[in-house]
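Student: I would like to learn how to read the details of a protein model. Could we go through one together?

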Amino acid sequence: MNRTQPLPSRYDPRELSDEELVVRAHSELFHVTRAYEELMRRYQRTLFNVCARYLGNERDADDVCQEVMLKVLYGLKNFEGKSKFKTWLYSITYNECITQYRKERRKRRLLDALSLDPQEEASDEKAPVIPESGGLDRWLVHVNPIDREILVLRFVAELEFQEIADIMHMGLSATKMRYKRALDRLRDKFASASEA
């Protein structure tokens with residue numbers, strides 16, 4: 001992140017790489033947000049898709065995206081560039097999704113505990129409803145949250161295995177193994193569903 005010469009004040013943010021935009025943001029924030037806005041524009045759609053697939057609904061995904069964008073805005077000044085910007089962004093996203101997921105789970109447990117209707121309490125134990133829209137969303141409900149996040153980071157965010165391992169604080173071989181097992185599970189599910 002070290003700069004030896006001053007940056008020109010006029011530039012087109014669309015022509016700069018992520019790394020160049022991060023350097024710009026370091027010197028511009030909070031007075032000028034052009035570099036930050038361009039970074040968010042580049043990743044906004046994928047960021048939302050990652051959150052929506054992980055959390056299972058657009059309302060929570062939108063909330064998490066807003067939180068991530070704020071964390072990036074205030075964290076860019078301290079981002080040292082030890083990893084790619086994209087990896088750092090998805091690391092923040094992953095942590096925010098985990099936090100939201102846990103919040104929703106606690107909320108459901110509390111509602112179940114307060115519920116006087118035993119039928120309502122038991123209904124939480126049913127298998128999740130598979131969305132009508134096909135594709136990846138339809139099958140992600142069949143894997144656990146950690147494997148789901150690995151698949152989402154691989155297919156939606158298009159990250160390398162090492163980047164996924166870094167984000168999830170796992171070893172590279174463990175990440176690859178979980179990825180392979182999750183895919184095997186989905187293939188088995190898909191095969192049995194297409195036979196039915």
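Student: Where does Phe-30 lie?

Tutor: Good place to start! Keep in mind that this is a predicted model. Phe-30 lies in the loop between helix 1 (18–28) and helix 2 (34–55).

Student: What is the peptide bond from Leu-29 to Phe-30, cis or trans?

Tutor: To read a peptide bond, look at its omega angle. Here omega is near 10°, and the bond from Leu-29 to Phe-30 is cis.

Student: Which residues form a nonpolar patch on the surface?

Tutor: Phe-30 again, together with Leu-70 and Tyr-74. Tyr-74 belongs to helix 3, residues 58–75.

Student: Is Tyr-74 buried or exposed, and why?

Tutor: For this you compare the relative accessible area with a cut-off: exposed means over 50%. Tyr-74 has a relative accessible area of 55%, so this residue is exposed.

Student: What is the phi of His-169?

Tutor: His-169 is not a glycine, yet its phi is positive, about 55°. You will find His-169 in the loop between helix 8 and helix 9 (172–195). With 65% relative accessibility, His-169 counts as exposed.

Definitions and conventions: Residues are numbered from 1 along each chain as its sequence is written. This is a predicted model: local features need pLDDT of at least 70, side-chain atom pairs count only at pLDDT 80 or more; totals for chains, interfaces and linings use all residues. Side-chain values use heavy atoms; hydrogens and water are left out. Helices (H or I, at least four residues) and strands (E, at least two) are DSSP runs, numbered from the N terminus. Buried means under 20% relative accessible area, exposed over 50%, partly exposed in between (1.4 Å probe, protein chains only). Patches are made of residues with over 30% relative accessible area and no salt bridge: like charges are joined within 9 Å, nonpolar side chains (Val, Leu, Ile, Met, Phe, Trp, Tyr) within 5 Å. Accessible areas come from the Shrake-Rupley method with a 1.4 Å probe; for residues, only the protein chains shown count as cover. A salt bridge is a side-chain nitrogen of Lys or Arg within 4 Å of a carboxyl oxygen of Asp or Glu.
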